[in-house]
Amino acid sequence: MNRIRAARQALGWTQNELAKKANVSPRTIHAVEKGRACRQATKRHILNALGVPWELRDEYFVRARSVRPAAAGAVIREAQSA
């Protein structure tokens with residue numbers, strides 16, 4: 001289960017209640033609980049509302065995958081050489 005959802009439910013809050021306490025939209029809470037990435041500021045708001053220390057953020061949020069520009073360049077070079 002998603003850690004954000006588990007923490008919210010442990011407090012007996014709905015997604016709307018967490019959204020209000022974190023000063024974000026209910027849609028944002030829904031997206032985060034589905035595992036979608038969000039901005040660092042949004043993470044801070046949500047963790048603060050839940051009473052979770054910032055240091056534990058990686059346990060609560062999905063890590064954003066890095067984009068490798070070199071790989072994209074290789075695809076372009078392959079297409080041009082074909």
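Predicted model: local features only at pLDDT ≥ 70, side-chain atom pairs only at ≥ 80, totals over all residues.

Student: How many helices and strands does the secondary structure of the protein chain come to?

Tutor: From the N terminus on, the elements run α-α-α-α-α-α. The totals are six helices and zero strands.

Student: What percentage of the 82 residues of the protein chain count as buried?

Tutor: A residue counts as buried when its relative accessible area is under 20%. The chain exposes about 6100 Å², and carbon and sulfur atoms supply 49% of that area. Of the 82 residues, the buried part is 29%.

Student: Among contacts between residues at least 6 apart in sequence, what percentage join residues at least 24 apart?

Tutor: A contact here needs heavy atoms within 4.5 Å. Of the protein chain contacts that span at least 6 places in sequence, those joining residues at least 24 apart make up 44%.

Student: Which residues of α2 are buried, and which exposed residues does the face turned away from them carry?

Tutor: The buried residues of α2 are Leu18, Ala19 and Ala22. Seen down the axis of α2, they fall within an arc of 100°, so they line one face of the helix. Their cover includes α1, α3 and α4. The face turned away from the buried side carries Asn16 and Lys20.

Student: What is the phi of Asn23, and is Asn23 buried or exposed?

Tutor: Asn23 lies in the loop between α2 (15-22) and α3 (26-33). Most residues other than glycine have a negative phi. Asn23 is exposed, because its relative accessible area of 65% is over the 50% cut-off. Asn23 is not a glycine, yet its phi is positive, at about 60°.

Student: Which helices do the buried residues of α4 pack against?

Tutor: In α4 (residues 40-50), the buried residues are Thr42, Lys43, Ile46, Leu47, Ala49 and Leu50. They cover an arc of only 160° around the axis, which puts them on the same side of α4. An α-helix has 3.6 residues a turn, so residues three or four places apart point the same way. The buried residues of α4 pack against α1 (3-10), α2, α3 and α5 (57-60).

Student: Why is Thr42 counted as buried, and which residues does Thr42 touch?

Tutor: Thr42 has its place in helix α4. Its relative accessible area is 11%, under the 20% cut-off, so Thr42 counts as buried. Leaving out residues up to four places away in sequence, Thr42 touches Val24 and Thr28.

Student: How much space lies in the largest cavity?

Tutor: Rolling a probe the size of a water molecule over the atoms shows where empty space is left. With a threshold of 30 Å³ or more, the count comes to one cavity. The space in the largest cavity is about 40 Å³.

Student: How many nonpolar, polar and charged residues does the lining of the largest cavity have?

Tutor: The lining consists of Asn2, Val32, Gly35, Arg36, Ala37, Cys38, Lys43, Tyr60, Phe61 and Val62. In this classification Gly is among the polar residues, while Tyr and Cys count as nonpolar. By class, the lining has six nonpolar, two polar and two charged residues.

Methods. Residues numbered from 1 in each chain as written. Heavy atoms only, no water. Helix = DSSP H or I, 4+ residues; strand = E, 2+ residues; numbered from the N terminus. Buried < 20%, exposed > 50% of the residue type's maximum accessible area, 1.4 Å probe, protein only. 1 Å grid on protein atoms, 1.4 Å probe; cavity = no way out; pocket = protein on both sides within 12 Å on 5 of 7 lines; lining within 4 Å. Points joined across faces, edges and corners; volume = space filled by probe spheres on them. Arc of directions from axis to C-beta. Areas by Shrake-Rupley, 256 points an atom, 1.4 Å probe, with all protein chains shown as cover.
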